[in-house]
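Please find below my notes on the model under review, arranged as numbered points.

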Amino acid sequence: MLFAESMVAVSHLPAVELFVAQAGGPADRTLLVIHGGPDWDHTYLRTPLDQLAGHHQLIMPDLRGCGRSTCGLLDDQYTPAATTRDLIALLDAMGLGQVDVLGFSYGGFIAQRLALAAPERVRRLIIASSSVLPVPPGAFDGWHERSRRLAAESAVWRDPSLSGPELTRAAAIASAPANVWRSQALPDYLNRLARVHFTAEWMRPWRAGILPPARPEDSARRLAAGGHSLLLLHGRQDMLFPATLIEAAAKVIPSAKAVVIEDAGHMAHLDHPQAWLDTIAQFLA
């Protein structure tokens, strides 16, 4: 599937343009996809979501400071709140009223913020490989396979010779065995990482300790009150957010459905792409 690519202005002070990939489909069946990272871009999510094109219009932006969108802002301009405002402005600029929203990983937190800040703009909400509940201390205690798979990434972050986008890319590559569960999926994932336009814009405020938390405060209760139709989609072997939190969240949000894909990690769309895509398609039908 070919995507049309453009730059869309979403802010004047500061000046911010988002790089947007768009695949055709009915405007009233638009799916806004919010990537994770941050400091990544959206491209690792294009497949298998591109198979929805035609039945749905796909809008896949790079967030501010990410990919080919505006970079070079002051550190305090990289915040979850600013990113949420950008996305509302993007919908306005593209003439889109109400859309379905999929947020992946860090993008899942931004998707929650969007649904809470502008509930009238969100028809249905998909939170994939993320969480609406905080990760409790010790959530992964005793999972030795996780420790083994994450060891290489920890070494990268301690390497004083790496900095900037080079560090972001090296960490992503080193963490690949932890992000996909099935070894068969690893080559495809590494190929995708080779095409990602990594930045290090969000790393600066994070390391300076001024990056605000991304997950909205009391998100589960607030989403429950909002009543949005909600899909929580997760891999059982996710090593960033425990799958048990997804199942727990569904119990406190009446409008939520939790789907956990077995033998799948954080990048569940690579471990089991058809099952992941079919779950989304059925939810949006």
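**Notes on the predicted model**

1. Strand β2 (residues 15–23) and strand β4 (residues 57–61) run antiparallel to each other and are paired over 4 bridges, where pairing requires that DSSP find at least two bridges between two strands. Strands and helices are DSSP runs numbered from the N terminus, a strand being E over at least two residues and a helix H or I over at least four.

2. On the basis of these notes: this is a predicted model, in which local features need pLDDT of at least 70 and side-chain atom pairs count only at pLDDT 80 or more, while totals for chains, interfaces and linings use all residues. Residues are numbered from 1 along each chain as its sequence is written, and side-chain values use heavy atoms, with hydrogens and water left out.

3. The pair described above belongs to an open sheet of 8 strands with mixed pairing, whose order is β1-β2-β4-β3-β5-β6-β7-β8. The edges are taken by β1 (4–12) and β8 (256–261), each of which has a single partner strand, so one side of each lacks a neighbour in the sheet. From one strand to the next the twist averages 20°, the axes being lines fitted to C-alpha atoms and the angles running from 0 to 180 degrees between N-to-C directions.

4. Two cis peptide bonds deserve a check against the displayed model. One runs from L13 to P14, with omega near 0°, and P14 lies in the loop between β1 and β2. Another joins G37 and P38 with omega about -15°, and P38 is found in the loop between β3 (30–34) and α1 (46–49).

5. Positive phi values also occur in residues other than glycine. D39, in the loop between β3 and α1, has phi near 70°, and D39 is buried at a relative accessible area of 5% (buried means under 20%, exposed over 50%, partly exposed in between, with a 1.4 Å probe and protein chains only). S105, which sits in the loop between β5 (99–104) and α3 (106–117), has phi of about 55° and is likewise buried, at 9% relative accessibility.

6. Helix α12 (residues 273–284) has 12 residues and reaches 17 Å from its first C-alpha to its last, close to the expected 16 Å, which is 1.5 Å times one less than the number of residues. Its buried residues are W276, L277, T279, I280, F283 and L284. Viewed down the axis of α12, these fall within an arc of 155°, so they line one face of the helix; the arc is that of the directions from the helix axis to the C-beta atoms.
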